[in-house]
Structure formats: C-alpha cells, structure tokens
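Please read it with the model open beside the text.

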Amino acid sequence: MSEQAMQWTRLLSRARLGRREERRDSDARSAFQRDFDRIVFSSAFRRLQDKTQVFPLARNDYVRTRLTHSLEVSSVGRSLGTLVGEVVIQRHRLQDVVAADFGTIVAAACLAHDIGNPPFGHAGEDAIRLWFRDTSRGQAALAPLTPAERQDFLRFEGNAQGFRLLTRLQSPDNPGGMQLTCAVLGTFSKYPRAGWSEQPLPDAVAYRKFGFFQEDADSFHQLAAELGLPAMADAAWLRHPLAYLVEAADDICFRIIDIEDGFRLGLLDYQEVLERLLPLAGGKRVEARLATLSRPKERVEYLRARAISLMVEEVQQCFLEHEPALLEGVLAQELLDLIPSAAALAGLRQLAEEQVYVAQPVVQVGAGGFEVLGALLAAFVEAVEDLACHGRALSPRSRMLVHLMPEQFIGPNRVPQDQPYRRLLRITDFVSGMTDSYAVGLFKQITGISLAR
C-alpha cells in the first residue's frame, strides 16, 4: 500500500463538523450512535415518510416510501459495516474502535442517504433541473450567476442537498448544522466533488454526480481535511472507503425490494419473480424451505430476505478483497459490479426498468411532479425576486406568496439575500424539502385549483 493511501485512524474521526472540542464516548452511546439518533429525530428525516420511493403517493399501505426504504438500507448497511469492521480492525490493529462502530457509521450514513431528495423522487430532481434549463424564467434567474453557481441548479442533485441539510439547514443556528462526526459525513458523501470543476476527473463511480453546492464547499473542504481525503482536483477528493458500503446497501435494497413491491402491486407475476430471485437467494439450497410456504407472498418475502443476506456476504468479501485499492482511491467501479452475483442483480434492474418503473401510476404521478415543482419554482422565484428588487412595493401576488414561505428561506426579517445565487438556493431549499403531499397541496392553492372556504 502506498504512503499516499488513506488511513483508517483518520477516516474514523469522531470530530464533529462545526465544533472545536471532541466529546468522549460514554459507556452508553458512542459518538456514532449519537449521530444515528440525531438523524432519526430530525424533521428532515421524518418528512421522508411522505416522499416518493418508486410509487408516488401510493395508496397501497404495503409499498415502500423513502422513509421505509432508508430504514431498510440502514439495516443492511449496519450488517455490512460490522462484518467489514471485524476484519479491518484485525488487519490494521486499530485501537479504540470496535466492529460495531463501523456498523453504526455506515448505518447512520445510510439512514441519511436520501434525506436531500426532493418530492417525487428522481423525477423531482429532473423537474428542478429542467425548469432552470428550459424555461425563460429559470434562465433569467441563472443569468447573474457564475458558471460554477449555475451548475448547482442545472445539475441539481439530491446528494448535494442532503449534505446541505445535514451541515447547514437542519439546526441552522449551529455551525456545521447537526454537527455530525466527520466519519459519518464522509461515509454519507458518495460523490466528493462540486458540480463544477475546471480540471478533468477520472471516469469513476465516485464522480458521476456531485455531492455539495458551491455555498457548502468550505464545509466539505474542512471535512476532507479532517478525514485525510486526498484532493483529486480543485473541488474534488477521493471517496471515503465506507461510502462504497452505503452505495452497495442502497443498491441491494432497491434492486431486490423494487421487485418485491412490483409483485405485490401485480406488475410482476410470481413465476417471473421466482426465476429472478431464486439464483440470488441460494438456488436449490432454499427450494425445500420454499415448499413449506403455502402462499406466493410469503415465498417472495423469504426469497427477498435470503437474497439480501447472500448479497451482504458477497459485498463484504468484495470490500475486503479490494480494501487496498479503496484506501488508495483507485477503485473506479461499484462493489456490486464486482461480486459473483453482478449479472443476476443487473437482470433485476433491467426487469424493474421494463415492467415496474414504467407502470402507469409511476409515470402519471411522476409527470405530474414536473408540473407541480415547475409551478412552485416559477411562483416563488418571481415573488422573491420581486421582493429583492422592490421591497415593500412588490406586487400583491408576490406579497401573498412570500408570506407562504418560512422566513428562513427568504432571509432574516424577510429581507432577501443580497446575492442572486443565495436567493435561489433558499428557494430550492424550500421546494426540495417539501413532502409530496405538501407540494401538491401548495400547488393547488397558488394555482387556484383548491381554495379553502
């Protein structure tokens, strides 16, 4: 291993972003367990209960929301982290850390991995990007910005919004926001780069998206320095090795569980699901147990559980095999692309794309999300710009709209930020933080579709 490789002693830092003193672990809770609890009790995490996973605004009480998905990913992440931690501690003779610390770090990061997603899932991200790119109002709003600032909106990214929520928007009076440990924040940051870089970046999974906005670059710089993440470019660093486990836990869950949800909603038949999940669940080794289950629903649940368990084993082994490359930052692929079951998992994703993600409820409400978020952005950008330019002389419509926005998304005493870039960020903070139902309800109010009597 080269001398430039990342070091576990720094990667597991208990230092908290925004706090100078480091609080010692108590007998009852470690620093990482406190991080987990802070995320659970945050309002941003609670809002995930009404944010789209795959089936937007689903009336079926079985299918997953972002909240249940995040809890499931966290459970898988804890298993992965703990299993990996047992071996890493022995390999490197690490002191003052136990395998459960690895598990809790990954579990906390997994818990927050979707916390920055806007309403309507990935369709919501696309809606924000396209509004700024394709509408005259959006283009005019971007005109005064620098090229780097524009990319934050043209490539709007839920991962970057998540970093912003954790380090600024949640607990906004604290330096560093929630003041999570650097180990958890680094593990959360799957894409350790800004949206704009003048220098070319490697063609690697860690740089396919971006993980922080321009306004939050200083926070990420502090984080990278504390963890010892080597810089790759002017605004990009190597990825924390444990972030690969967060990515794997997320992918394991959505690839396998989306198939289960598709079956429960009647989009996939049992035989099709059986043929896809059985090889991942152990093949002939589980057929005897399947024969004891009378209903297809229970058989699919059993196959899902077995498949996740075996994928955890394969990912653990893959991580440990590639640990030197992970510490040197030279692994360009996802772990799931390197495990023995990679082809079978890819088949699950293809099946979901062909038969689940194109289902009428998904497409219809996703398309509606474009209209909802586009209308909200148009209304609030216009109102805040009116307020910034005309003060109290703003139009009657703008006056009503700005009073629908909490003060924190405008400025102290409802005085807008001086910089156009920061004004726009506050508006995307407001819109992206909405739940699906709140966004739809507010859209109906401001468009006159639904008026209270």
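## Nonpolar cores

Within the largest nonpolar core, which has 107 residues, W8, F102, L242, L245, I256, V315 and F319 touch the most other members; such a core is a set of buried Ala, Val, Leu, Ile, Met, Phe, Trp, Tyr and Cys residues joined through side-chain atoms within 4.5 Å. Buried here means under 20% relative accessible area, exposed over 50%, and partly exposed in between (1.4 Å probe, protein chains only). Helix α15 (residues 296-321) gives the most to this core, with 12 residues, helices being DSSP runs of H or I with at least four residues, numbered from the N terminus.

Beyond its neighbours within four places in sequence, L242 is in contact (heavy atoms within 4.5 Å) with W8, L12, F102, I105, V106, T187 and F319.

## Basis of the model

The model is predicted, so that local features need pLDDT of at least 70 and side-chain atom pairs count only at pLDDT 80 or more, whereas totals for chains, interfaces and linings use all residues. Residues are numbered from 1 along each chain as its sequence is written, and side-chain values use heavy atoms, with hydrogens and water left out.

## Salt bridges

The whole structure holds 25 salt bridges, each a side-chain nitrogen of Lys or Arg within 4 Å of a carboxyl oxygen of Asp or Glu. R129 pairs with D126, their closest N and O atoms being 2.7 Å apart, and these residues, 3 apart in helix α6 (residues 121-134), are separated by about one helical turn.

E301 and R264 also form a salt bridge, at 3.9 Å from N to O; because E301 lies in helix α15 and R264 in helix α12 (residues 243-264), the pair ties together parts that are 37 residues apart in sequence. E301 is partly exposed at 22% relative accessible area.

Terms used:
Helices (H or I, at least four residues) and strands (E, at least two) are DSSP runs, numbered from the N terminus.
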